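Here's a quick briefing to read with the model open beside you. Take a look at the structure first, then work through the points below.

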Amino acid sequence: MSLSDLWFILISVLFIGFFFLEGFDYGVGILLPFLGKTDTERRQIIGTIGPFWDANEVWMITAGGAMFAAFPHWYATLFSGFYLALALILLALILRGVAFEFRSKRDDPQWRSRWDWAIFFGSVIPALLWGVAFGNIIRGTPIDASMNFTGNFFDLVSPYTIITGLAGVAVFVLHGAIFITMRTEGAVEKRAQDWARKFVMPVIAVCALLAIANYAQLDLYTEIGANPGVVPVATAASLLAVGYFVWNRQFTWAFAMMALTMVLALVTYFWFLYPNVMVSSTNSAFSLTVDSASSSDYTLKVMSIVALIFVPIVLVYQGWTYWVFRKRVLDDTKALHY
């Protein structure tokens, strides 16, 4: 295995970690105005992700930084082509972060309600646009022989990418609802359980629609036939297991199966993308590959040494954070921080 292959795998792992952790994070933010009927309940819901949300976003920053250093051509083409979409994601994340900090500064109900909706939009916009972005990376975008994006923002919007965006939002919302059931008690926990049970079948339906769209848009049938392989089949099986456990109110198992579904789905996407890192819809010969988009071996060696030292430290620290704040968030105003 070459170093460029290794760093493609590592960047894939970083994105998988980001979507797994930030997935329930976004879902909680989207559900906040609907599951929280009182200010105390909304503070309780925010408290479920309060100690974690900013650390979860470190995975996205690290993935972007690793992409910049290991695959500068991939980074340049992606960020120039998706500039407007990524700028919208960044603005939404800034709005979301500000909302978490400013919401509790005043007792005015209207003030807090406005920031609650800011958290909602700061969560749903990135969830939707990340799905659209991944749809474009997999399906292909207009890229010329010089690795330049030759399209515009509207070239990124199509029925297929809209489906990938909606599927991303749906999965994140269910992930968030299940997470809330594990982190709260009282009325919010009961409401999240009921909401997850109502929403699980529509999520499965959207994911089934996405699977059909994948075959229609990505020419999978020509490449791999009717049998997609073990990993995609396991993805579908784990998603059905989510439905089973949600309906039987076994939410710890449902969360585990949800995590497995997201990991396997993203492994499938990155596996299908390899050896490309961005597909050209203009000409397949113009697609950026792991080899053509990578940095020098010296750069990749230095990055590997740095990653070997610091990644375990970050993983231990983040794991410790989840362990320290593992208890459920009570519906007691004296115990609520946000």
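Start with the largest pocket: α11 gives the largest share of its lining, 9 residues. Keep in mind that this is a predicted model, where local features need pLDDT of at least 70 and side-chain atom pairs count only at pLDDT 80 or more, while totals for chains, interfaces and linings use all residues. Residues are numbered from 1 along each chain as its sequence is written, and side-chain values use heavy atoms, with hydrogens and water left out.

**The largest pocket**
- A pocket here is an open set of points on a 1 Å grid over the protein atoms alone, where a 1.4 Å probe fits, with protein on both sides within 12 Å along at least five of seven lines; lining residues have an atom within 4 Å of a point.
- The volume of the largest pocket is about 1,000 Å³, counted as the space filled by probe spheres set on the points, which are joined across faces, edges and corners.
- Its lining takes in 40 residues, and L210, N214, T235, A265 and Y269 lie nearest the centre.
- Two or more lining residues come from each of α6 (109-139), α7, α8 (187-217), α9, α10 (230-247) and α11 (251-273).
- Helices like these are DSSP runs of H or I with at least four residues, strands are runs of E with at least two, and both are numbered from the N terminus.
- Sorted by class, the lining has 31 nonpolar, 8 polar and 1 charged residues.
- For those classes, Ala, Val, Leu, Ile, Met, Phe, Trp, Tyr, Cys and Pro count as nonpolar, Asp, Glu, Lys and Arg as charged, and the others, Gly among them, as polar.

**How helices pack**
- Axes are lines fitted to C-alpha atoms, for helices over the stretch in contact, and angles run from 0 to 180 degrees between N-to-C directions.
- Angles under 35 degrees count as roughly parallel, over 145 as roughly antiparallel, 65 to 115 as roughly perpendicular and the rest as oblique.
- Helices α1 (residues 3-35) and α2 (residues 39-49) pack at about 180 degrees with axes 10 Å apart, so they're roughly antiparallel.
- The α1 and α2 contact (heavy atoms within 4.5 Å) includes F24 and V28 from α1, and I45 and I49 from α2.
- Helices α3 (residues 53-70) and α12 (residues 297-324) have axes 12 Å apart at about 175 degrees, which makes them roughly antiparallel too.
- Among the residues meeting there are W59 of α3 and Y322 of α12, and this contact has 9 nonpolar, 3 polar and no charged residues.
- What about α1 and α7? Their axes come within 6 Å and cross at roughly 80 degrees, so the two are roughly perpendicular.
- That contact counts 14 nonpolar, 4 polar and no charged residues.

- Most residues other than glycine have a negative phi, and most peptide bonds are trans.
- M147 isn't a glycine, yet has a positive phi of about 65 degrees; you'll find M147 in the loop between α6 and α7.
- The Y274 to P275 peptide bond is cis, with omega near 10 degrees, and P275 sits in the loop between α11 and β1 (276-278).

**Confidence**
- The average pLDDT (the predictor's confidence in each residue, from 0 to 100) is 90, and 98% of the residues score at least 70.
- Confidence is lowest in α9 (residues 220-224), with a mean of 67, and highest in α7 (residues 159-183), at 94.
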